[in-house]
Amino acid sequence: LVDSRGNLIAHRDPSLVLKRTNLDSLNQIQEFLRNPLGVDPSPGGEDQGITGERVLSTFAPVRSVGWVVVLEEPVDVALAELRMVERYAFLLLGVGIVLGALIIVWVSNRITAPIHELHHGAEIIGKGDLNYRVEIKTGDEIGQLAQEFNKMAGELQTSYSTLEQKVEQRTSELAALYDVTAAVNQSLELDTILQEVIKKVSGIFHFDATRIFLFNPQGDELQLRASIETQPEFFTGAQVFRRGQGVVGTVAATGEPMIFEDALTDPRYQTLSHTKVTQKAGCSFFAVFPIKAKGKCAGTIVFIGQKPRKLTGEEERLLTSMADQIGVAIDNTTLFEE
């Protein structure tokens, strides 16, 4: 409590009152002395206190006696809780930054690690290891990309394996054709050549019966000249065919091959067959290819299999080429005989 001249009248520290401390040098007292009836124009402002420390202060005049009540509190005390809140805020900010950094690192690794794995897988597959698969199960777009990557690798492996099989098959076919060609050129004895050829053809294609029919000198009948059968007792009745008779005679007349994947169910076979030998033997596959010599049909070669079978385009071409080689053998022996 301060009087109208700035003297301290009352304070919680009595010694300051006994010393008759004058406070007219303090800003809040100066404000009061300039306007004894007015209120504090800046309540709660920071100022210098009685003891010289920084305080938050305000005043209110006691108009009836011309005194003033001054309230002040040290800044450290007044702002202690606020500063504690600040410390907690900075602590929480630091924790948030650390957690944010950890989350960023985790998310970054979650994204970049699968990408590195995909890159590594691409390098391994690029070096020829088509069995390698990436192990990425993130459940997001990168996981879907990994599945497509593995699918692509599987299809590439299948394509490569298929290509190897085709190359191996083509090599085997060429080797088989070479064997037949070599057999044709080993002798000028036609019956010997025919028997050797059907032996190789049967071994290559695993037919249950292979038979060769050639026209007689008159050109009106096809006569059996060579054969290999696993059940010869069923084929004794099919030794001679007239031109146009049965499937064998029809092929000889038209010069076009006929293939029955399952003769037991194919109505064409039931209509064309003369002897029904294939059906009686319980065989399903039946194919007849023409043998051409000097541009004319000189006979036919018959292929019979126990089970239904579908020839591929390559197999049909190979059998046609082998039949053509038999035609070459006929030409060679005819020239030799002449």
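The model is predicted, so local features need pLDDT of at least 70 and side-chain atom pairs count only at pLDDT 80 or more, while totals for chains, interfaces and linings use all residues. Residues are numbered from 1 along each chain as its sequence is written, and side-chain values use heavy atoms, with hydrogens and water left out.

**The cavity**

Rolling a probe the size of a water molecule over the atoms shows where empty space is left. Here a cavity is a set of points, on a 1 Å grid over the protein atoms alone, where a 1.4 Å probe fits but cannot get out; lining residues have an atom within 4 Å of a point. Grid points are joined across faces, edges and corners, and a volume is the space filled by probe spheres set on the points. Searching the whole structure gives one cavity of 30 Å³ or more. The volume of the largest cavity is about 150 Å³. Its lining is made up of 18 residues, and Phe241, Val248, Thr275, Val277 and Phe286 lie nearest the centre. Two or more lining residues come from each of β4 (209-215), α7 (246-254), α9 (277-280) and β9 (296-305); helices (H or I, at least four residues) and strands (E, at least two) are DSSP runs, numbered from the N terminus. Helix α7 gives the largest share, three residues. By type, the lining holds 11 nonpolar, five polar and two charged residues. Ala, Val, Leu, Ile, Met, Phe, Trp, Tyr, Cys and Pro count as nonpolar, Asp, Glu, Lys and Arg as charged, and the others, Gly among them, as polar.

**Helix α2**

Helix α2 covers residues 27-34, and Gln28, Ile29 and Phe32 are buried there (buried is under 20% relative accessible area, exposed over 50%, partly exposed in between, with a 1.4 Å probe and protein chains only). Viewed down the axis of α2, these buried residues fall within an arc of 100°, so they line one face of the helix. The arc is that of the directions from the helix axis to the C-beta atoms. The buried residues of α2 pack against β1 (45-48), β2 (54-62) and β3 (67-74).

**Two residues**

Ala10 is found in the segment before α1 (14-18), whereas Thr250 lies in helix α7. Contact means heavy atoms within 4.5 Å, and neighbours within four places in sequence are left aside for Ala10 and for Thr250.

| Residue | Relative accessible area | Contacts |
|---|---|---|
| Ala10 | 37%, partly exposed | Leu1, Val17 |

The C-alpha atoms of Ala10 and Val277 are separated by 140 Å.

How values were computed: On a 1 Å grid over the protein atoms alone, a cavity is a set of points where a 1.4 Å probe fits but cannot get out, and a pocket is an open set with protein on both sides within 12 Å along at least five of seven lines; lining residues have an atom within 4 Å of a point.
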